[in-house]
Amino acid sequence: MKKLLQPRLLAAAALAAGAAPATAATPVFVNPTTPYLSSADIPVGFYFGGAPTLLDTLEDGSLDASLTGTHGVLLDVGFGGARDSVDADDGLIDGNCGPQTAGRCVSWFNGNGAEGVTFTFVGSGAMPTAFGLVWTDGGGIVTFSAIGADGQSLGSINASGFADGSFGGTTGEDRFFGVQFAGGIRSITITNSSGGIEVDHIQYGAMAPVPEPGSWALLAAGLAGMAGCKRRHTARA
Ligand SMILES: [Ca+2]
Ligand SMILES: [Ca+2]
Ligand SMILES: [Ca+2]
């Protein structure tokens, strides 16, 4: 409840100050600049209630049935080359998760980074309103984009400067990319401009509900009332 109330109060404060609140029609892209080493590094507030509906580490050797992956392949234990999984997937956050470490360290790989990889929601029920993954290897400029429930583009973001140039399973470069959109997200795509691309921890869930316009007015009025009470209390003191 605390996580839900805080953004509402902040938004109400912004509204009182004359700023426009976020609307359901505005996709929000998230790309932290710190490493994603385990699910504990999912950005705070990205999912309503704090946790995704699905978090696929790929460690069971398959992609969840509610998703399809286009371009590339699942890199399981049989893959002879380097794999680059999220650090904690071998049970130990130690700066590495690949064939040279204990555990499976499964990920998803496409040797053509410019073609990239796309994950599409094909499950039953409502489409996700928060959808993300973790980039674990590649090079150049990374581009993350999304398609909405009606097939429309939700836009994209670019990021660069964090790739370490190693394909040996190192994890300090690994980054979360995600998008929130109240209208529903059908698919996400990630590419990079140099070499191959590898990703892991494909995940989705629900974003926090966006208050209706009437709720904004009530919240703003409530905030103004609280400020008035504080002023009167201060005047009596
Ligand atoms: Ca590890
Ligand atoms: Ca993994
Ligand atoms: Ca890596």
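Predicted model: local features only at pLDDT ≥ 70, side-chain atom pairs only at ≥ 80, totals over all residues.
Residues are numbered from 1 along each chain as its sequence is written, chains are lettered from A and ligands numbered from 1 in the order in which they are written, and side-chain values use heavy atoms, with hydrogens and water left out.

**Exercise 1.** Find the protein donors of the calcium ion (ligand 1), and state which spacing they follow along the chain.

*Solution.* Begin with the definition: donors are N, O and S atoms within 2.8 Å of the metal (3.2 Å for Na, K and Ca), and sites may look incomplete because water is not among the atoms. The protein donors of the calcium ion are Asp87 (O), Asp87 (OD), Asp90 (OD), Asp90 (OD), Leu92 (O), Asp94 (OD) and Asn96 (O), at 2.3 to 2.7 Å from the ion. Along the chain, the spacing reads D-x2-D-x1-L-x1-D-x1-N.

Next, consider accessibility, where buried means under 20% relative accessible area, exposed over 50% and partly exposed in between (1.4 Å probe, protein chains only). Asp87 has a relative accessible area of 1% and is therefore buried; Asn96, at 18%, also counts as buried.

**Exercise 2.** Describe where Ala82 lies and which residues it touches.

*Solution.* Strands (E, at least two residues) and helices (H or I, at least four) are DSSP runs, numbered from the N terminus. Ala82 belongs to the loop between β4 (73-75) and β5 (107-110), and with a relative accessible area of 27% this residue is partly exposed. Leaving aside residues up to four places away in sequence, Ala82 touches Leu75, Pro99 and Phe167, where contact means heavy atoms within 4.5 Å. Although Ala82 and Phe167 are 85 residues apart along the chain, their C-alpha atoms are separated by 6.4 Å.

**Exercise 3.** Classify the ring pair of Phe121 and Tyr204, and say where its two residues lie.

*Solution.* Rings of Phe, Tyr and Trp (its six-membered ring) pair if their centres lie within 6.5 Å; planes under 30 degrees apart count as stacked, over 60 as edge-to-face and the rest as tilted. The whole structure holds 10 aromatic pairs. For Phe121 and Tyr204 the centres are 5.2 Å apart and the planes stand at 80°, so this pair is edge-to-face. Phe121 lies in strand β6 (residues 117-121) and Tyr204 in strand β10 (residues 185-205), 83 residues apart, and both are buried.
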